[in-house]
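Please look over the sequence and the model shown below before reading on. The report is meant to be read with both in view.

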Amino acid sequence: MARSIKNQQKIINTILAWSIGLIIFFPILWTILTSFKTEGQAINDPPLFLFFDWTLDNYAIVQERSNYMKFLWNSIFVAGGSTILGIIIAIPAAWSMAFAPTKRTKDILLWMLSTKMLPAVGVLYPIYIGCIKLGILDSRAALVIILMLINLPIMVWMLYTYFREIPGEILEASRMDGASVWKEIVYVLSPMAIPGIASTILLNLILAWNESFWTLNLTAAKAATLTAFIASYSSPEGLFFAKLSAASTMAIAPILILGWFSQKQLVRGLTFGAVK
Amino acid sequence: MMSQLNTRSIARLMMAPAVILLLGWMLAPLTTTLYFSFKKYLPLRGGDLGWVGFDNYVRFVTSSAFWPSIYATLIIVGSVLIITVVLGILLALLLDQPMWGQGVVRILFIAPFFVMPTVSGLVWKNMFMDPINGILAHLWRFLGLEPLQWLSHYSLSSVVMIVSWQWLPFATLILLTAIQSLDREQLEAAEMDGANTLKRFSYIIIPHLFRAVTIVILIQTIFLLSIFAEIFVTTAGAFGTKTLTYLIFQRILESQNVGLGSAGGVYAIILANILAIFLMRIVGKSLDAKES
Amino acid sequence: MGYIELIKVTKNFGDLEVIKPLDLEIKDGKFTVFVGPSGCGKSTLLRLIAGLEDLTSGSIKIDGNDASNSQPSKRGLAMVFQSYALYPHMNVYKNIAFPLKMAGIDQTSIDTKVRKAAEILNLNEYLERKPGQLSGGQRQRVAIGRAIVREPSAFLFDEPLSNLDASLRVGMRLEISELHKRLNTTMIYVTHDQVEAMTMADQIVVMNIGIIEQIGSPMELYQNPKNIFVAGFIGSPKMNFIYGDWANKLNAHTIGIRPEHIDITSEQSEWKGKIKMVERLGSDTFLYIHESGIADILTVRIDGEESYERGQEIFLHPKKEHLHLFDEKGIRL
């Protein structure tokens, strides 16, 4: 008896969950579908789901007309660059906090996290003016540095929690086996920490890719990333839904895929470990 | 003594770049903003016009745009919080149940969070909310109703809808993690003690979720206060959707009244810090818990 | 090789004095066991010798050289951790080879030494496997192999058997003892289990809250415990302690007698009582006697073949030559 009730329950759950899931996912699905339509069919009433003339034209047009590749490259450069730069700085910092903690370690960690809480508007002008004075407004370099800085606390934090999960005795054993601090990091710690480092990189790539404050305000023609590029579609000419969909799909596809792999990291990184 | 000391100085060296950079990142811009907040500074109309003390601070809160911005901020942040937390709990509970294809359903639920804010803003604005060509317009017409002018007449609700869609996955994921960390045996014991589903929910699950919900609320509040892109690409602050953040942004970059905008920025920083203190306390406690 | 001296060693963690001023001499080639209850400081002492903790004061000499400030790897010691601490991403071969690699030894020599250690510990078949694929006992051996290969002047063991199943423990105990005979190197072994101490040690150091209560060979500690703590710690089941009039009669504050040194007689005898509980282990039978007027519970060991009924009245005869007398401070008289 219990078993058939369980199965019944499972069926209900499945139907309910899938329905809600599809509703939530619908905007994304719709965007992807629309990217393959002609502009005329994109605004068709009633909306066409699968039976339309599939075409890749929009993708071609978006690339030709607005040099999509350049923006894509900027996004990759900025997201990747800030993540790599951040990781190089964050790994040693997290190491020292995890393995050589002092009484102040906890406070320093919390302070670092609090810098992430800083509202961007609060420092908008100084950064803006700073970039102008240094001649780096609308440059990828400026974005790389700024995005690195705003995500550094999360990177340090995540690495710290991953490092702490490594059993201390293994590192002591390596010390007894004659490894210097450097060799300890290279031969013992890093291999064991690779999953943690990978997770941190993953989450940060996503956060940097989607960042939409600094990328919108500090860039113009040269360094604009995909976020800014898409924003330029907000005052369009003529029919543009299909093209918008194509551009959007290309912009979000990489992250959707990465995002699937990074759910656990998301929880760890953005709740600062307070929820496990 | 040597062995530990060596490690300690190396450790300090390794922490230095991160600490110095973040310190610089915090201090330099902050002091600059503070500096400007006490000046009348209009780069487009005369430049540096001297010290004005707390004038900017007063003018900021007495300007006619101030209270509407507070109103907009409260409505948006508050509504999104309520929607995401309530729905988040329900969805998390659902996801926790046995079903087929759970992995895929999870992806469906979580996807919106990974969509760029500019993309989600524009997709919603045009493909859904456009009163002529949007899907919602089609749907309204199908039901025989006049399509709504979402962004011009129901602007706050529209923004709330878009932002909730984006942040619901976050709340769901966090709450799901929290639910799954609940000791199964507790629930089983309660079941044996005769508690039905509703009672188990109220007496065991809800209290356990309390902490996670608090964290979700705190973190989301901090991030929601500074949402920008969604407003930027949909309404550009019109129709009463100008939040505090957007107002400050406009003062600084659009009307270029740097002094006034900086004062606003200082207000925003203070507000965020107050929230941060609460959040840090909880995070700090969980750090200590890990120690013991 | 392997002569270790601790001179006036202390260790504080913050304000907490974990090790009080302590002197200890460990002779070359001896198997020394640090034993004591949780928190007595035995692991801390081991880690001080290893160099994983710094001394608060005092000094440590290894083979006559002051090692107090040396790095752990420079002290010529090898440690086997309680959790084995194997490198999970390296296979057995690489785990054992690691210390040699760190020392910069050439590959051929490394190979010879690793294979020799694997030979001694029966690990030849497992060299390619990773720790995750090994059983507890096998991991234990890899940890020991990693230590052997360094040819240290002394081995340090930190409760190595506590993570093993009871059945495995006896076998590993013998293996470690045999290893000691074979290598003839100093071994310092920390455990809370007095059975391990008694069976493996040349010399036992009994510790209690940061001080050494007594040092001696297993039999010395068993037959001549210096104080109540050592008397109660060594020997299982625990020695019976008797206070009050019975003790005063013999001019002592407390008297102690081990369960194995009390005989059961059918005739009238000095002590009598009622059996509260009987435990039959097959090899031995333990009787727990109450209502004796001597102590709350007296534990008596008798031969495994015999047994009595619960509630039965019984007469006890303590063997006079095995009575231990203690004064009010707990010191042996």
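The sections below take up the chains, their contacts and their nonpolar core in turn.

## What kind of model this is

The structure described here is a predicted model, and the values in this report were computed from it, with local features given where the pLDDT is at least 70.

## Where chain B meets chain A

In the contact between these two chains, 85 residues of chain B take part, and they face 82 residues of chain A. Helix α1 of chain B, which covers residues 2–37, provides the largest share of chain B's side of this contact, namely 19 residues. When the residues on that side of chain B are sorted by class, 65 are nonpolar and 18 are polar, while 2 are charged.

## Two domains in chain A

Chain A is divided into two parts, with domain 1 spanning residues 2–57 and domain 2 spanning residues 66–270. The centres of domain 1 and domain 2 of chain A, taken over C-alpha atoms, are separated by 32 Å. Where these domains of chain A touch, domain 1 contributes 9 residues and domain 2 contributes 7 residues.

On the side of domain 1 of chain A that touches domain 2, the helices α1 (2–34) and α2 (39–42) of chain A each supply at least two residues, and α1(A) gives the most, with 3 residues. By class, this side of domain 1 of chain A holds 3 nonpolar, 4 polar and 2 charged residues.

## The make-up of chain C

Chain C has 333 residues, of which 41% count as buried, and its secondary structure consists of 9 helices and 18 strands. Taken along the principal axes, the box filled by the C-alpha atoms of chain C is roughly 75 × 45 × 30 Å.

## The largest nonpolar core

The largest nonpolar core has 258 residues, and those with the most contacts inside it are A:Ala90, A:Ala94, A:Val156, A:Leu159, A:Ile230, B:Leu175 and C:Leu156. Helix α7 of chain A, residues 140–164, gives the most to this core, with 18 residues.

Which residues does A:Leu159 touch, not counting residues up to four places away in sequence? With those set aside, A:Leu159 is in contact with A:Ala90, A:Ile91 and A:Ala94, and also with A:Gly196, A:Ile197 and A:Thr200. Two of these partners, A:Ala90 and A:Ala94, are themselves listed with A:Leu159 among the residues with the most contacts inside the core.

Conventions:
Residues numbered from 1 in each chain as written. Chains lettered and ligands numbered in written order. Predicted model: local features only at pLDDT ≥ 70, side-chain atom pairs only at ≥ 80, totals over all residues. Helix = DSSP H or I, 4+ residues; strand = E, 2+ residues; numbered from the N terminus. Nonpolar A, V, L, I, M, F, W, Y, C, P; charged D, E, K, R; others polar. Domains from an automatic or database assignment. Buried ≥ 20, exposed ≤ 12 C-beta atoms within 10 Å, placed from the backbone. Core = buried A, V, L, I, M, F, W, Y, C linked by C-beta atoms within 7 Å.
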